[in-house]
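User: I'm new to this one and would like a walk through it. Could we go question by question?

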Amino acid sequence: MSDLSDALERGEFVATSEIGPPKGTNIEPCLADAEQLRGKVVAINVTDIQSAVMRFGSLATCHMLVERGLEPVFQMVCRDRNRLALQSDLLSAYGLGIRNVLCLTGDHTVLGDHPESKPVFDLDSVGLLQCVSALCEGHDMAGNELDGAPDLYAGAVVTPGADPIEPQLLKMEKKIKAGARFFQTQAVYDVDRFIEFMKSVAGFGVPVMAGLVLLKSVGMARFMNKNVSGVHVPEPLIARLKEDKAKTKSGETAVQIAVETIAAIRDHCQGVHFMPLGWDHLVPEIMDRAGLS
Amino acid sequence: MLVTELKPQDEILEGLADDSSVFLLGCDGCASACETGGAENLPALAEMLQQAGKELTGQTAVDYLCNKSLIRSYLRPYEAQIMDADSVLVATCGVGVQCVADSVLKRVRTACNTVNMGGVSGVQMSGERCAECGDCLLSQTGGICPITACSKSMVNGPCGGTSSDGKCEVDNKRDCGWYRIYQRLKELDALDQMKVIIPPKRHGLFLPTYETMTGEFWAVEGRPEGEA
């Protein structure tokens with residue numbers, strides 16, 4: 001169906017990465033970010049109006065990747081479209097050569113740069129997964145038969161560091177029931193906790209790719225600890241970022257931490273998903289040093 | 001007037017699927033006027049439950065279930081019957097059902113959809129809120145409304161934005177509705193409920209029917225002259 005589905009089904013340890021479209025029409029730098037990942041990662045996620053900050057669209061960017069022979073993962077959130085528009089865009093995505101879709105609920109509108117906009121949330125992530133499943137079975141959500149059905153590889157997200165973890169696990173089971181065939185996780189720094197999480201989901205039988213966000217600074221680590229639910233950067237890692245400012249600034253510390261994280265988790269999960277946040281050029285190096293190339 | 005309509009029978013029974021014994025609770029306030037959950041409406045509901053093979057441990061209708069401060073004293077005489085049941089089936093508006101859920105350590109199920117809270121909804125004194133969606137989910141969500149309690153009105157569990165102290169991503173002082181539902185279902189030993197996929201809301205039901213809007217209770221507190 002897609003390179004991503006084939007690789008995960010073959011049981012390979014798979015790497016994906018992520019790009020974020022710009023605020024405006026200047027898409028070239030974003031495509032250049034993707035270009036640096038060519039031949040390295042199996043597929044590239046394109047975020048969908050990330051953080052509820054209005055920007056260039058995920059669907060169009062994914063199509064541009066397809067045109068360039070790069071495989072996209074179309075991220076789709078439920079915040080901005082009702083079920084009519086979501087279904088229509090899923091059909092369009094398939095028509096534009098997109099084969100992977102990641103289904104998310106999406107950050108609330110009040111957190112973005114248009115806080116007065118109407119939050120839609122007609123569906124949630126579980127409903128969107130069911131919607132993808134229905135379309136792939138040849139009918140829409142209302143049961144009407146389609147003239148041509150898409151064949152999409154649907155994925156979802158999970159937060160392995162959530163506290164308490166039980167609601168996440170219950171929802172993960174629901175997402176699988178609704179049609180999720182792979183998972184990409186929120187950022188992982190606390191390796192022991194992640195391994196513990198992987199033990200508790202082993203019975204689910206669905207591949208999990210650990211999220212890796214490159215640590216750019218002490219401030220970023222502290223910000224995530226304070227503001228991003230389920231993400232915990234342990235103090236020893238923050239100490240390393242503090243220790244050698246030049247290495248932190250150049251990205252060497254981020255690379256080292258990512259390489260060590262991959263080594264520690266690779267026997268416990270089915271892949272990694274990089275969220276480089278502009279440091280896309282470091283992903284190939286991390287993969288080389290981690291032995292993933 | 002808080003206008004309620006009885007859910008279709010199969011939907012009421014679907015909410016009671018896990019329960020073999022039920023305590024039936026009506027409301028002699030607006031639900032009585034709407035002929036959905038008043039004392040005089042309970043015999044028909046009781047018969048329906050018994051025909052469906054449910055054991056009825058008891059039944060009563062009390063004045064205004066939305067008046068939370070009085071629910072416990074009203075229900076004290078029925079405590080044994082309530083605790084003997086697997087669940088309490090409440091036939092009233094979304095506020096009343098949530099007030100019962102917050103007052104009784106027992107799974108609550110709802111028999112009604114709430115379609116209008118015109119008039120006195122402005123003087124609700126307790127924290128329960130109802131969105132008048134006409135597609136009530138309280139049977140599945142521990143008696144806490146995810147439509148009003150979750151900032152995204154999600155129906156299938158929390159998003160990734162819940163903090164470790166159970167707060168919402170939009171405001172760290174606001175409780176995460178699904179964290180509350182999770183805690184409640186855990187307390188009721190009913191966490192399996194969170195594994196059941198709740199289908200997308202039927203937003204068509206948000207629009208009250210013409211019959212409802214022109215019925216005698218729609219604007220009983222003051223219908224403008226000349227309006228139907």
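Predicted model: local features only at pLDDT ≥ 70, side-chain atom pairs only at ≥ 80, totals over all residues.

Analyst: Residues are numbered from 1 along each chain as its sequence is written, chains are lettered from A and ligands numbered from 1 in the order in which they are written, and side-chain values use heavy atoms, with hydrogens and water left out.

User: How many residues of chain A are in contact with chain B, and what is the area buried between the two chains?

Analyst: Contact here means heavy atoms within 4.5 Å. On that rule, 28 residues of chain A touch 26 residues of chain B. Buried area is the accessible area (1.4 Å probe) that two parts lose on being put together, summed over both. Carbon and sulfur atoms give 57% of it here, and the total is about 2300 Å².

User: Which three residues supply more than any other three of the area that chain A buries against chain B?

Analyst: Between chain A and chain B, about 2300 Å² is buried. Of the part that chain A buries, 24% comes from one trio: Leu170(A), Lys174(A) and Ser229(A).

User: How many residue pairs are in polar contact across that interface, and which element gives the most to the side of chain A?

Analyst: A polar contact is a pair of N or O atoms within 3.5 Å; within protein, one must be able to donate a hydrogen and the other to accept it, and residues adjacent in sequence count only if both atoms are side-chain atoms. The rule finds 16 such residue pairs between chain A and chain B, counting those with both residues at pLDDT 80 or more. Helix H5 (125-136) and helix H6 (166-178) of chain A are the elements giving two or more residues to chain A's side, with helices (H or I, at least four residues) and strands (E, at least two) being DSSP runs numbered from the N terminus. With nine residues, the one that gives the most is H6(A).

User: Which salt bridges cross between chain A and chain B?

Analyst: A salt bridge is a side-chain nitrogen of Lys or Arg within 4 Å of a carboxyl oxygen of Asp or Glu, and the rule finds two across this interface. Lys186(B) sits in helix H8 (residues 177-187) of chain B and Glu166(A) in helix H6 of chain A, so this pair joins two chains. Its N to O distance is 4.0 Å. The other pair, at 3.7 Å, N to O, is Lys195(B) and Glu173(A).

User: Is Lys186(B) buried, partly exposed or exposed?

Analyst: Buried means under 20% relative accessible area, exposed over 50%, and partly exposed in between (1.4 Å probe, protein chains only). Lys186(B) has a relative accessible area of 44%, so it counts as partly exposed.

User: Which residues does Arg81(A) meet in salt bridges?

Analyst: Arg81(A) is buried, because its relative accessibility is 13%. One partner, at 2.6 Å, N to O, is Asp48(A), which is buried too, with a relative accessible area of 7%. At 2.8 Å, N to O, another partner is Asp89(A).

User: Where is Leu214(A), is it buried or exposed, and what is it in contact with?

Analyst: Leu214(A) lies in the loop between strand S7 (208-213) and helix H8 (218-227) of chain A. Its relative accessibility is 1%, so Leu214(A) is buried. The C-alpha atom of Leu214(A) is 7.0 Å from that of Ala258(A), 44 residues away along the chain. Leaving aside neighbours within four places in sequence, Leu214(A) is in contact with Met220(A), Ala254(A), Ala258(A), Met275(A), Pro276(A), Trp279(A), Leu282(A) and Ile286(A).
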